[in-house]
Amino acid sequence: MIARRPGALAALLLALVAWPAQAAVTMTFWSRDFGTYFPHAFFQLRGTLDAGGAPVDASYGFTARSITPALLFGNVPGRIERPRLSYMQGSKVRFAVTLNDAQYGAVLALVREWDATTGDSTYNLGKRNCVTFVREAARRAGLTTVDFPKLMKKPTSFLRAVAAANAAEVGVIEQDGKTYLAEHPPLDGVVPVAAPVSTPGTLPGKKADETKK
């Protein structure tokens, strides 16, 4: 019996090595507070679908095309944007959820629904803003408690409230973007929905501290 243990252990280790890594897309939720930029919330999709294929590595947010006084008076043109790397490095990662393939598809459908070329890109500061977009993304990701009406203009407070209300379904991160991205380098993957790469919400009269990455 004792003589067999090394062989049995070796077989177990071989089986573990041969076992395929679990495929999954991780969705992280990010925010940035006032400063040089208008407050903003967005999300990142990173990983591989259960069905296989090329990895995914893309971030999406919804913002007004221009930050002007017109925002205070009603609807203005909006758009889906992919934030620049340097913008993400200056933002904060709040929490993460793991998506199944159906949830991933639902999130991508949301991106298309809010995109100017494939859906309705109307932006409204109080009713259809970046937090509204992220709220619906969280709902499609399977989170059930996402309605916090008093926080719809406060990206960080909103995301923290969602994380607290769905503690069993999310992994709290609360890390600066530069550190997180260094620990999770870019994947050689695909961008599932094309969108312009930009710096969301630069305030008028203020020079952005972003380099064009």
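Analyst: Let's start at S59. Leaving aside its neighbours within four places in sequence, S59 is in contact (heavy atoms within 4.5 Å) with F42, F43, Q44, E81, R82, P83 and M88. Before going on, a word on the model: it is predicted, so local features need pLDDT of at least 70 and side-chain atom pairs count only at pLDDT 80 or more, while totals for chains, interfaces and linings use all residues. Residues are numbered from 1 along each chain as its sequence is written, and side-chain values use heavy atoms, with hydrogens and water left out.

S59 sits in strand β3; strands (E, at least two residues) and helices (H or I, at least four) are DSSP runs, numbered from the N terminus. S59 counts as buried because its relative accessibility is 6%, where buried means under 20% relative accessible area, exposed over 50% and partly exposed in between (1.4 Å probe, protein chains only). Across the protein, 43% of the 213 residues are buried.

Not counting residues up to four places away in sequence, F43 touches M27, T28, F29, W30, A58, S59, Y60, V107, V111, F133 and A137. Together with M27 and L45, F43 touches the most other members of the largest nonpolar core, which has 45 residues. Such a core is a set of buried Ala, Val, Leu, Ile, Met, Phe, Trp, Tyr and Cys residues joined through side-chain atoms within 4.5 Å. Among the elements that each supply at least two residues of this core are β1 (25–32), β2 (40–47), β3 (56–64) and α4 (130–140). The largest share, 6 residues, comes from α4. Another core, of 7 residues, lies apart from this one and includes Y87, V93, Y180 and L181.

β3 turns up again at the largest cavity, giving the most to its lining with 3 residues. A cavity is a set of points, on a 1 Å grid over the protein atoms alone, where a 1.4 Å probe fits but cannot get out; lining residues have an atom within 4 Å of a point. The count comes to 1 cavity of 30 Å³ or more, and the largest has a volume of about 40 Å³, taken as the space filled by probe spheres set on the points, which are joined across faces, edges and corners. Of its 10 lining residues, F38, P39, H40, T63 and C130 lie nearest its centre.

Technical notes
On a 1 Å grid over the protein atoms alone, a cavity is a set of points where a 1.4 Å probe fits but cannot get out, and a pocket is an open set with protein on both sides within 12 Å along at least five of seven lines; lining residues have an atom within 4 Å of a point.
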